[in-house]
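Let's take a walk through a protein model together. Have a look at the picture first, and then we'll go through some of its details.

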Amino acid sequence: MSPANAAAGTRADAGASYYGQPIIKSPVWTAEIPAYFFFGGLAGASAGLAYLSGEGPLARRAWATALAGIAVSAPLLIADLGVPTRFLHMLRMVKVTSPMSVGTWILTGFGAATTGAAAHALTGRLPRTGAACRPAAALLGLPLSTYTGALLAQTSVPVWHEARRHLPVVFAAGAALSAGAAATALTSPEHAAAARRLTMMGAVAELASVHVMERRLGELGEPYRGGQAATFKRLADGLVAAGAVTVAASGRRSRPAAIAGASAVLAGAACERYSIFRAGFQSAADPKYVVGPQRARIAAGKSRGASRKAADTSS
Amino acid sequence: MTFTVRTYGPDQKPRQGFFTDTSICIGCKACEVACKEWNQVPVQIGGFTGKSYDNTEALGANTWRHVAFIEQRKEMTFADGLVEHAALEQLAAQTGLQTYQEGDGLRWLMASDVCKHCTHAACLDVCPTGALFRTEFDTVVVQDDICNGCGYCVPACPFGVLDQRKDDGRVWKCTLCYDRLKDDMQPACAQACPTDSIQFGELDDLRDRAEQRLAQLTDAGAEKAQLYLADEDDGVGGAHAFFLLLDEPEVYGLPPDPVDVTRNLRTTWSSAAVAAVGLGVGLAVAVFGGRR
């Protein structure tokens, strides 16, 4: 019965939690996952950009980017598994309640279609396969870029779950931004007008959607204002804004400026994925983000909560 | 959105589970030990935490039963003292047990926590491999030969029950002794519990018993006594492991209003679909917007 223990008891009395311990578990995912968010989105939107651009240098480079992005994605996901040799277990079933399951199938289909499309775009062979694969890859690239937002939202982590309306939008914007920037960097300026437009549109969408998400989260958005999540968010905002301005201002005239601006944008997009990823850990680690909103729901009469006292029983 | 699929047909068994009456838990940890022994859960030596008698701290991959110890220092007024004294006397008379000491105004709460085996289980919903499944007893079990350690169930659980075992990469949790249930035995923890704080049985019976116990304790003056996860209309559709608590859930490290995230899945998928269409439109505008 030391005073320290008694004090802990008093804190618990105030509704904090059991010795201030987390109530939910933090994810066990490591840096491969935000890296995949970046590369998967890059690949998904690049396929769309490539398909809509038709033929020509921009399309070829965008197909190559899509292929490279997806080639990196699968190993990243497999490496993050606790038992990597069992990655094929992902294909045992299709489950709409599991964005990871849905995403696995999108990724599988996208990988196959992109391989066919890119093979034709880069070598000129297999024209019929290419023709069939191009629209499929472009179409599958869209949900590939946004399901990752749903994946994070379908957890009990408050900063992710309560952003369920916003996370897919943020990820879509990030995908557009990344695809635009990659194509801007890889294509000579006279062929890269569409890529530059995509970069600028994506930058505005990303900065705006992240801002809206954080505002709507209110107090739950605190993780974005402290710790690693905040550091990487500031970095992301700065890199994306500076890079997009550089691309807009001199990307048309100067190849080096286009490459520098696009690289900054790409780095910024990657930092944004990492910021969102870290925010989840910070959110899960502090019980106040779990208990607070739940108590507020009960207090507001929106939920009766999970417990019932004898007085609450209508008899 | 909720999904309930019953596929066992004639093999379906009555819904079974735990009623954990924390008011008669004496903190002996026999449940933790019995669980470890029966299920061959690896040791995990965490050292001395200083958190009362609790050195396992929380449920996890290697802790499937966890006994919480909460020491509350209370300002005891004369009237409070009388009420609590009366409550204790009545309890002692009925059960032969004292659950907490009064004396210096210290209240000691003990509670054995476990996987809740939710009626609407987020872990099961998000599992992409089907390693997590619902048994014929309606409980939720991880198949260790299927789990590939993707880790999705870990942050999905609103109670923080599941975790990954670092050295083997898979996720582990309470099986409600699925193997014993198949042989008509009760789970190891319930069998080992010397005070029947952990009671195993058919859910309907347990709920009746819990109802009576709640009334009894409330009459005896335990005004914060409450049943936790005993009703089907809570955020997880009620649980197969439910509790009688003597204070608010968060005091025990339990969420006051847990929700199966699948309830909001329609919003989540709608948002993803809208964002995907928006991305398509954005790409089209970028490509064709300059060619007027």
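What share of the 292 residues of chain B count as buried? The figure is 61%, where buried means under 20% relative accessible area, exposed means over 50%, and partly exposed is in between (1.4 Å probe, protein chains only).

Before going on, a word on the ground rules: this is a predicted model, in which local features need pLDDT of at least 70 and side-chain atom pairs count only at pLDDT 80 or more, while totals for chains, interfaces and linings use all residues. Residues are numbered from 1 along each chain as its sequence is written, chains are lettered from A and ligands numbered from 1 in the order in which they are written, and side-chain values use heavy atoms, with hydrogens and water left out.

Back to chain B, which has eight helices and 10 strands. Those are DSSP runs numbered from the N terminus (helices: H or I, at least four residues; strands: E, at least two). The accessible surface of this chain comes to about 11,600 Å², and 53% of that belongs to carbon and sulfur atoms; such areas come from the Shrake-Rupley method with a 1.4 Å probe, and for residues only the protein chains shown count as cover.

Now zoom in on Tyr8(B), which sits in the segment before strand 1 (16-21) of chain B. With 23% relative accessibility, Tyr8(B) counts as partly exposed. Beyond its neighbours within four places in sequence, Tyr8(B) is in contact (heavy atoms within 4.5 Å) with Phe133(B), Arg134(B), Thr135(B) and Glu136(B). A polar atom of the Tyr8(B) side chain lies 2.6 Å from the backbone oxygen of Arg134(B).

Over in chain A, find Thr155(A) in the loop between helix 5 (127-153) and helix 6 (158-161). Thr155(A) counts as buried because its relative accessibility is 0%. Its side chain reaches the backbone oxygen of Leu152(A) at 2.8 Å. Not counting residues up to four places away in sequence, Thr155(A) touches residues including Trp160(A), Tyr152(B) and Val261(B).

Next come the charged pairs. How many salt bridges does a search of the whole structure find over all chains? There are 23, a salt bridge being a side-chain nitrogen of Lys or Arg within 4 Å of a carboxyl oxygen of Asp or Glu. One of them brings together Arg295(A) and Glu250(B), at 2.6 Å from N to O. Arg295(A) lies in helix 11 (residues 287-299) of chain A and Glu250(B) in the loop between strand 10 (241-245) and helix 8 (265-288) of chain B, so this pair joins two chains. Arg295(A) is partly exposed at 27%, whereas Glu250(B) is buried at 4%.

Within chain B, Asp247(B) forms a salt bridge with Lys224(B), their closest N and O atoms being 3.2 Å apart. Asp247(B) is in the loop between strand 10 and helix 8, and Lys224(B) in the loop between helix 7 and strand 9, so the pair ties together parts that are 23 residues apart in sequence. There's also a salt-bridge network linking Arg304(A), Arg308(A), Glu211(B), Asp231(B) and Asp233(B).

Arg180(B) is buried yet has no salt bridge: the nearest side chain of opposite charge, Asp179(B), is 6.0 Å away. (Lys and Arg count as positive, Asp and Glu as negative; His and the chain ends are not counted.)

Methods:
A polar contact is a pair of N or O atoms within 3.5 Å; within protein, one must be able to donate a hydrogen and the other to accept it, and residues adjacent in sequence count only if both atoms are side-chain atoms.
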